[in-house]
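Welcome! Please open the viewer and take a first look at the protein below. The briefing that follows walks through it topic by topic.

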Amino acid sequence: MKKNKIKLIIVFLALLINITTYSQPSIKIGSLEVALKDLGRMDWESAKYECNKLGEGWRLPNRSELNIIYVNRSKIGGFKTTGPFPGTDYWTSETNNDLSSLAYVIVFANGYQGGSDSKSDFANVRAVKGIASKNLITNSIIGRPYRIGNLEIAQFDFADLMNWDDAYKACSNLGNGWRLPNRNEIEVLYNNMEKIDCMQINYWSSYTLDRSAWFQNFGYSSGMEKNGFQYRIRYNRVRAVRTIK
């Protein structure tokens with residue numbers, strides 16, 4: 001009898017340890033499940049390991065998924081959004097396209113999505129599981145659009161820096177008339193950059209000339225190029241617009 005009680009206690013403790021280790025409180029954002037707490041600050045390889053260690057399909061989010069999380073950060077809660085740089089950056093699962101020793105991050109203090117950190121650096125970690133639907137990704141870009149005159153402007157940038165051809169397709173693929181802003185419209189965005197919360201970086205327009213396209217520098221200051229043509233293979237930020245009748 002005594003032995004049976006000891007066995008039951010051991011089984012109970014094992015189950016308790018298992019639940020404590022792997023149970024992860026979460027919230028559903030559409031089809032994407034997001035952990036309610038960070039796993040801490042750590043290097044990129046450790047971040048992947050700690051997410052996978054949670055079991056049941058938990059993993060590090062890709063850039064589109066982390067952008068969805070950023071857009072819904074108030075609803076989810078628990079993020080590092082203030083404090084000294086770089087304390088508000090969060091890892092994505094994606095390696096930099098040009099340098100494999102870097103991985104992409106999103107800065108939750110301001111939503112900046114174009115940066116990469118060395119994989120040996122420390123950044124915050126938030127785990128996800130499931131697959132973000134196309135509609136969820138689209139809605140994370142359009143959000144609650146701004147309106148200036150008859151121009152409707154998506155609330156958020158795309159998560160990725162893009163060359164011009166990819167930017168043109170990405171905006172068109174949103175459907176319902178969404179597109180890249182033309183040369184005049186990109187200047188409207190620039191003049192209202194604080195209202196529409198744009199990054200201080202180059203943005204593409206739809207205006208092209210041979211192998212180049214017109215860009216607007218939203219971080220313009222004296223001595224810098226405010227706008228002009230760049231080769232379409234260059235990578236810039238992208239904000240979609242559409243005309244409202």
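## The protein at a glance

Of the protein's 245 residues, 44% count as buried. What you see is a predicted model, and it contains eight helices and 14 strands. Among contacts between residues at least 6 apart in sequence, 64% join residues at least 24 apart.

- The mean pLDDT of the protein is 88, and 89% of its residues reach 70 or more.
- Take care with residues 13-21, where pLDDT stays under 50. For this stretch the model has two contacts beyond four places in sequence.
- Where pLDDT is low, the predicted coordinates should not be read in detail.

**Helix α3, an enclosed helix**

- Seven of the nine residues of α3 are buried, so this helix is largely enclosed by the rest of the structure.
- Those buried residues are Arg63, Glu65, Leu66, Asn67, Ile68, Ile69 and Tyr70. You will notice that Arg63 and Glu65, which count as charged, are on this list of buried residues.
- At the start of α3, look for Asn62: one of its side-chain oxygens comes to within 3.2 Å of the backbone nitrogen of Ser64.

**Arg126, a buried residue in a loop**

- Arg126 sits in the loop between β7 (123-125) and β8 (128-130).
- Is Arg126 buried or exposed? With a relative accessible area of 1%, Arg126 is buried, because the cut-off for buried is under 20%.

**Asn217, at the end of a strand**

- Asn217 is found in strand β12, which covers residues 212-217.
- Asn217 counts as buried, at 5% relative accessibility.
- A polar atom of the Asn217 side chain lies 2.8 Å from the backbone nitrogen of Gly219.

**Two residues with a positive phi**

- Most residues other than glycine have a negative phi, which makes the next two worth a look.
- Glu56 is not a glycine, yet it has a positive phi of about 55°. Glu56 lies in the loop between α2 (44-53) and α3 (63-71), and at 66% relative accessibility it counts as exposed.
- Asp197 is also not a glycine, and its phi is positive at about 60°. You can find Asp197 in the loop between α8 (193-196) and β11 (202-209), where it counts as partly exposed at 46% relative accessibility.

**The largest pocket**

- About 380 Å³ of space lies in the largest pocket.
- Which residues are closest to the centre of the largest pocket? Of the 21 residues that line it, they are Val71, Arg73, Ser140, Gln155 and Phe156.
- Helices α3, α4 (73-76) and α5 (134-142) are the elements that give two or more residues to this lining.
- By residue type, the lining of the largest pocket divides into seven nonpolar, nine polar and five charged residues.

**The second largest pocket**

- The second largest pocket has a volume of about 240 Å³.
- This pocket is lined by 15 residues, and the ones nearest its centre are Ser64, Ile137, Ile141, Phe158 and Leu174.
- At least two lining residues come from each of α3, α5 and α6 (164-173).
- Which helix gives the most to the lining of the second largest pocket? That is α5, with five residues.
- The lining of the second largest pocket is made up of seven nonpolar, five polar and three charged residues.

- Asn176 lies in the loop between α6 and α7 (183-191), and it counts as exposed at 67% relative accessibility.

Technical notes:
Residues numbered from 1 in each chain as written. Predicted model: local features only at pLDDT ≥ 70, side-chain atom pairs only at ≥ 80, totals over all residues. Heavy atoms only, no water. Helix = DSSP H or I, 4+ residues; strand = E, 2+ residues; numbered from the N terminus. Buried < 20%, exposed > 50% of the residue type's maximum accessible area, 1.4 Å probe, protein only. Polar contact = N/O pair within 3.5 Å; in protein donor to acceptor, adjacent residues only side chain to side chain. 1 Å grid on protein atoms, 1.4 Å probe; cavity = no way out; pocket = protein on both sides within 12 Å on 5 of 7 lines; lining within 4 Å. Points joined across faces, edges and corners; volume = space filled by probe spheres on them. pLDDT = per-residue confidence, 0-100. Contact = heavy atoms within 4.5 Å.
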